[in-house]
Amino acid sequence: MLTVTDITVSIQGTTVLKDASLSVAAGQTCGLIGRNGAGKTTLMRAIMGALPFTGQGIFFRDHDLAEAKAHNRAEFGIGYLPEDRRLVPHFTVEENIMVPLWAAKSEDRARVKWVYDLMPEIGRFADRRAMTLSGGQQKLVALARSLVAGHQLLLLDEPFEGVAPALAQRLMEVVADLKSENLSVLVSDSDYTHSKRLVDKVYTIERGQVTIAPHSKAA
Ligand SMILES: Nc1ncnc2c1ncn2[C@@H]1O[C@H](COP(=O)(O)OP(=O)(O)OP(=O)(O)O)[C@@H](O)[C@H]1O
């Protein structure tokens, strides 16, 4: 499904990701665990087309992502929850979660309804402007937005970071519920506490180098 092979990313002359490889199979949830500054966000942003990379490449199903425009990710069914949420503050919650559909020129209301069914709390504040929500609520909205686009693959960048325990629990429940949807998920975390209950396979990342963790349930 997603294959990253030997990619290197340099930012301002510094190599921040070095020959990184990983793969996420259909229906699999993979963890990417590493400390702050290890390169998790850099890898996610490279997959999303927001950072140039060198190396063999990033492939998603039949698509060579180096050849695709960043906005094609939504068309391919890839959803992304950035670490810093990146909601449009003056848009309503519903407008925010519609953004990937607009990018993909899709009117898939059924997908939006599916997200509201999965996360009923989102429907309850659908008309509120994003800037009026707490940080934790904004994370839920950003997760909902990633789900609207991500009917094949979800990239979740530190979804539990800086979130109160009850909300982290709720985020975990939503991600765990996706197991029955055959979605592929790559979830990054600075430690293994939250993600260990979710993942089928674990990669660790340290100073830009990715390795498969020995305690992975499946390789
Ligand atoms: N725009 C940038 N300019 C300079 N250096 C950068 C930039 N973006 C990232 N880096 C550097 O690249 C390295 C990896 O950063 P990255 O954000 O990918 O780490 P991370 O594992 O996601 O950690 P964090 O949880 O702190 O975001 C860090 O050393 C960081 O300082």
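**Reading the sheet and the helices**

Author: In β5, aspartate 64 is the bridge partner of phenylalanine 59. Helix α1 (residues 40-47) packs on the sheet, where it touches β1, β2 and β4, and its direction makes about 65° with that of β2. Contact here requires C-beta atoms, placed from the backbone, within 7 Å. Axes are lines fitted to C-alpha atoms, for helices over the stretch in contact, with angles from 0 to 180 degrees between N-to-C directions. The model is predicted: local features need pLDDT of at least 70, side-chain atom pairs count only at pLDDT 80 or more, and totals for chains, interfaces and linings use all residues. Residues are numbered from 1 along each chain as its sequence is written.

Reader: In what order do the 4 strands of the open sheet lie?

Author: Strands of a sheet pair through backbone hydrogen bonds, either parallel or antiparallel. Here the order is β2-β1-β4-β5, with antiparallel pairing. β2 and β5 (63-64) are the edge strands, each pairing on one side only. Two strands pair if DSSP finds at least two bridges between them; strands (E, at least two residues) and helices (H or I, at least four) are DSSP runs numbered from the N terminus.

Reader: How many bridges join β1 to β2, and how many join β1 to β4?

Author: Strand β1 (residues 2-11) is joined to β2 (residues 14-24) by 7 bridges, and leucine 2 stands opposite valine 24 in β2. These two strands form a hairpin with 2 residues between them; in the turn, glutamine 12 has a positive phi of about 50°. Between β1 and β4 (residues 54-60) there are 6 bridges, and threonine 3 stands opposite phenylalanine 59 in β4. β4 and β5 pair over 2 bridges.

Reader: At what angle do α3 and α6 pack?

Author: Helix α3 (residues 93-103) packs against helix α6 (residues 135-149) at about 30°, their axes being 8 Å apart. Val93, Asn96, Ile97, Val99, Pro100 and Leu101 of α3 meet Val141, Ala144, Arg145, Val148 and Ala149 of α6.

Reader: What share of contacts in the chain between residues at least 6 apart in sequence joins residues at least 24 apart?

Author: That share is 68%. The chain has 7 helices and 10 strands, and its C-alpha trace spans about 45 × 35 × 35 Å along its principal axes.

Definitions and conventions. Two residues are in contact if their C-beta atoms, placed from the backbone, lie within 7 Å.
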